[in-house]
Amino acid sequence: MFSPDKRKRIILVDDHALVREGLERLLNIGDEFVVCEEAGDAAEGIEMVREMRPDAVIVDVGLPGGPDGIELTEKLRSEFPALVVLILSAHEEPEFVRRAARAGAMGYVLKNEAVETLRTALRNAFKGKRIFSDDVLKETG
């Protein structure tokens with residue numbers, strides 16, 4: 001009996017292969033998510049999204065040679081308004097978080113968080129709930 005795959009399909013965009021590989025292994029555990037493709041920069045990432053039409057994209061803020069992850073988020077959300085985009089970042093600075101929120105990201109997860117935080121952010125994003133620190137978003141600057 002054939003049972004269709006109900007897992008949410010995700011593309012990872014990060015310039016570090018080790019990070020992509022680790023995230024792929026961690027996210028593929030269980031029956032919620034599956035990483036269907038990965039990319040090392042913004043140009044490759046947007047092409048993968050156009051080709052694969054995933055449910056979500058996890059984007060690193062710092063991408064080499066061209067648009068950063070926040071600019072990529074803006075492009076993705078403009079072209080695919082229903083697409084869930086989460087930012088994964090080592091940057092805790094409020095300005096990065098505010099830029100990500102303005103670009104249409106559904107959440108901002110720090111790389112020093114546990115993988116369960118990322119899973120929770122994905123679950124919430126698929127329910128339409130954005131995950132940002134209100135304190136950071138309200139700060140002036």
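Contact here means heavy atoms within 4.5 Å. One more thing before the close-ups: this is a predicted model.

**View 1. Tyrosine 108 and the residues around it.** Leaving aside residues up to four places away in sequence, tyrosine 108 touches Val61, Ile87, Ser89, His91, Phe96, Val97, Ala100, Ile131 and Phe132. Tyr108 also shows up in the next view, as one of the core residues that touch the most other members.

**View 2. The largest nonpolar core.** Here we look at a core of 26 residues. Which of them touch the most other members? They are Val57, Val59, Leu72, Leu76, Ile87 and Tyr108. Two or more residues each come from strand S1 (8-13), H2, strand S3 (56-60), H3, strand S4 (84-89), H4 and strand S5 (107-110). There is also a second, separate core, with 17 residues, and Val35, Leu86, Leu88 and Leu122 are among them. As a bit of background, nonpolar side chains tend to be buried together in soluble globular proteins.

**View 3. Helix H2 beside helix H3.** Two packed helices are described by the angle between their axes and the distance between the axes. For H2 (residues 42-52) and H3 (residues 69-79), the axes come within 10 Å and cross at roughly 20°. Angles under 35 degrees count as roughly parallel, so H2 and H3 are roughly parallel to each other. Their crossing is right-handed. On the H2 side, look for Ala42, Ile46, Val49 and Arg50; they meet Leu72, Lys75, Leu76 and Glu79 in H3. Sort the residues of this contact by type and you get five nonpolar, no polar and three charged.

**View 4. Helix H3 again, now with helix H4.** The axes of H3 and H4 (residues 94-103) come within 8 Å, crossing at roughly 10°. These two helices are therefore roughly parallel to each other as well. H3 brings Ile70, Glu71, Thr73, Glu74 and Arg77 to the contact, while H4 brings Phe96, Arg99, Ala100 and Ala103. By type, that makes four nonpolar residues, one polar and four charged.

**View 5. A closer look at H4 and what comes just after.** Which residues of H4 are buried? Val97, Arg98, Ala100, Ala101 and Ala103 are. Just after the helix sits glycine 104, with a positive phi of about 105°.

**View 6. Arginine 25 on helix H1.** Arginine 25 belongs to H1 (residues 17-28). Is arginine 25 buried or exposed? Its relative accessible area is 60%, so arginine 25 is exposed. Arginine 25 and alanine 121 lie 96 residues apart along the chain, and their C-alpha atoms are separated by 17 Å.

Definitions and conventions: Residues numbered from 1 in each chain as written. Predicted model: local features only at pLDDT ≥ 70, side-chain atom pairs only at ≥ 80, totals over all residues. Heavy atoms only, no water. Axes fitted to C-alpha atoms, helices over the stretch in contact; angles between N-to-C directions. Helix = DSSP H or I, 4+ residues; strand = E, 2+ residues; numbered from the N terminus. Parallel < 35°, antiparallel > 145°, perpendicular 65-115°, else oblique. Left-handed = near helix turned anticlockwise from the far one by under 90°. Nonpolar A, V, L, I, M, F, W, Y, C, P; charged D, E, K, R; others polar. Core = buried A, V, L, I, M, F, W, Y, C linked by side-chain atoms within 4.5 Å. Buried < 20%, exposed > 50% of the residue type's maximum accessible area, 1.4 Å probe, protein only.
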